[in-house]
Amino acid sequence: MKLTIDILRQKDSASAPYRQKIEYDALPDDTVATLLHQLNAEENLKDVEGNPVGQIHWQCSCLQKKCGACAMRINGVPALACDTKLNTCKRGQLVLEPLKKFPTVRDLIVDRSLMMDNLIAIHNWLEQAAHHTGKAAELCYDASRCLQCGCCLEVCPNFMPGGDFYGAAAFVPAARILSQLEKDHPQALADCYQKNIYSGCGKSLSCHHICPAGIDVEQKLSNANAAAVWKRFFK
Ligand code: SF4
Ligand code: SF4
Ligand code: FES
């Protein structure tokens, strides 16, 4: 298939972004990740204006939908490059852009350390032995599949970088800890949950529909809300 690939590029975090268009013959069953590998392996690749195309910088690791590193905006929608086939492109157009809610490092690479900072800020860790019941084990297993890819934050109308609301990338891992310690969850996590998650979430659930890991995000939100907020009212 003939593709017109439009990439939003940026030399480094301080430079201005620019667009580069490339025409390329690709296989429809290939993924965006395969295409990026192929483009970078081409010698003397030129854009539509005849300018040389330098290495396109992007991140990947597993190429199996397991690490979240390759998240980017693909035709305007946040998704994993290793999980998006070229046959989903309409009219042969493929627009690749970095995630917009994180600072761009170079081309399609963004700095997502904010997500880890937020997990640290809400004290999202275990400090005692956890006891699984059958139901909690299932929920924890699903929550532990979070890739920290950031796609949920990209579509969340309430998440702004540096703001007080931390979004699904925080409440999904928090649901895991809160469910593991259902009877005696850490006070610091419950307090931060109320401030940084519960009070800022508009329940629009765009995060549920976009999650590339297919996590039942809505279930994690309602379980974490129940453990960190509602049970406290009825204690
Ligand atoms: S909840 Fe889903 S979309 Fe959000 S960071 Fe985790 S895996 Fe990515
Ligand atoms: S439910 Fe809506 S407001 Fe809450 S985290 Fe998901 S997208 Fe954001
Ligand atoms: S490279 Fe790991 S999820 Fe795509």
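Two residues are taken to be in contact if their C-beta atoms, placed from the backbone, lie within 7 Å. On that basis, among contacts in the protein between residues at least 6 apart in sequence, 68% join residues at least 24 apart. The model described here is a predicted one. The protein has 235 residues, of which 36% count as buried. Its secondary structure amounts to eight helices and seven strands, and the C-alpha trace spans about 70 × 35 × 30 Å along its principal axes.

Domain 1 covers residues 2-110, and domain 2 covers residues 113-233. Their C-alpha centres are 30 Å apart. Where the domains meet, 12 residues of domain 1 are in contact with 13 residues of domain 2. On the domain 1 side of this meeting place, β4 provides the largest share, three residues. By residue type, the side of domain 1 that touches domain 2 consists of seven nonpolar, one polar and four charged residues.

The strand β4 also takes part in a sheet. This open sheet has five strands in the order β2-β1-β5-β3-β4, and its pairing is mixed. The edges are formed by β2 (18-25) and β4 (77-80), each of which pairs on one side only. From one strand to the next, the twist averages 30 degrees.

At one end of that order, β3 (residues 71-74) pairs with β4 in the antiparallel sense, over four bridges. Within this pair, Ala 71 stands opposite Leu 80, while Arg 73 faces Pro 78. The two strands form a hairpin with two residues between them, and Asn 75 in the turn has a positive phi of about 50 degrees. The strand β3 is also joined to β5 (residues 93-97), again in an antiparallel run, by two bridges. Here Ile 74 has Leu 96 of β5 as its bridge partner.

Beyond residues up to four places away in sequence, Ile 7 touches Arg 19, Gln 20, Ile 56 and Leu 96. Ile 7 itself sits in strand β1 (residues 2-9). A residue counts as buried if 20 or more other C-beta atoms lie within 10 Å of its own. Ile 7 is therefore buried, with 23 other C-beta atoms within 10 Å.

Pro 98 counts as buried because 24 C-beta neighbours lie inside 10 Å. Leaving aside neighbours within four places in sequence, the contacts of Pro 98 are Leu 8, Met 72, Arg 73, Thr 104, Leu 108, Ile 109 and Val 110. Pro 98 and Cys 70 are 28 residues apart in sequence, with a C-alpha to C-alpha separation of 9.9 Å in space.

The model also contains ligands, and the surroundings of two of them can be described. Around ligand 1 there are 15 residues, and the closest are Cys 146, Cys 149, Cys 152, Ala 169 and Cys 211. The helices α4 (151-155) and α5 (168-180) each supply at least two residues of this shell. The largest share, three residues, comes from α5. In composition, the shell around ligand 1 has 12 nonpolar residues, three polar and no charged.

Ligand 2 has surroundings of its own. Its shell includes Cys 156, Asn 158, Phe 159, Gly 167 and Ala 168, together with a run from Cys 201 through Gly 202, Lys 203, Ser 204, Leu 205 and Ser 206 to Cys 207. These residues divide into six nonpolar, five polar and one charged.

How values were computed. Residues numbered from 1 in each chain as written. Chains lettered and ligands numbered in written order. Predicted model: local features only at pLDDT ≥ 70, side-chain atom pairs only at ≥ 80, totals over all residues. Near = placed C-beta within 6 Å. Nonpolar A, V, L, I, M, F, W, Y, C, P; charged D, E, K, R; others polar. Pairing = 2+ DSSP bridges. Axes fitted to C-alpha atoms, helices over the stretch in contact; angles between N-to-C directions. Domains from an automatic or database assignment. Buried ≥ 20, exposed ≤ 12 C-beta atoms within 10 Å, placed from the backbone.
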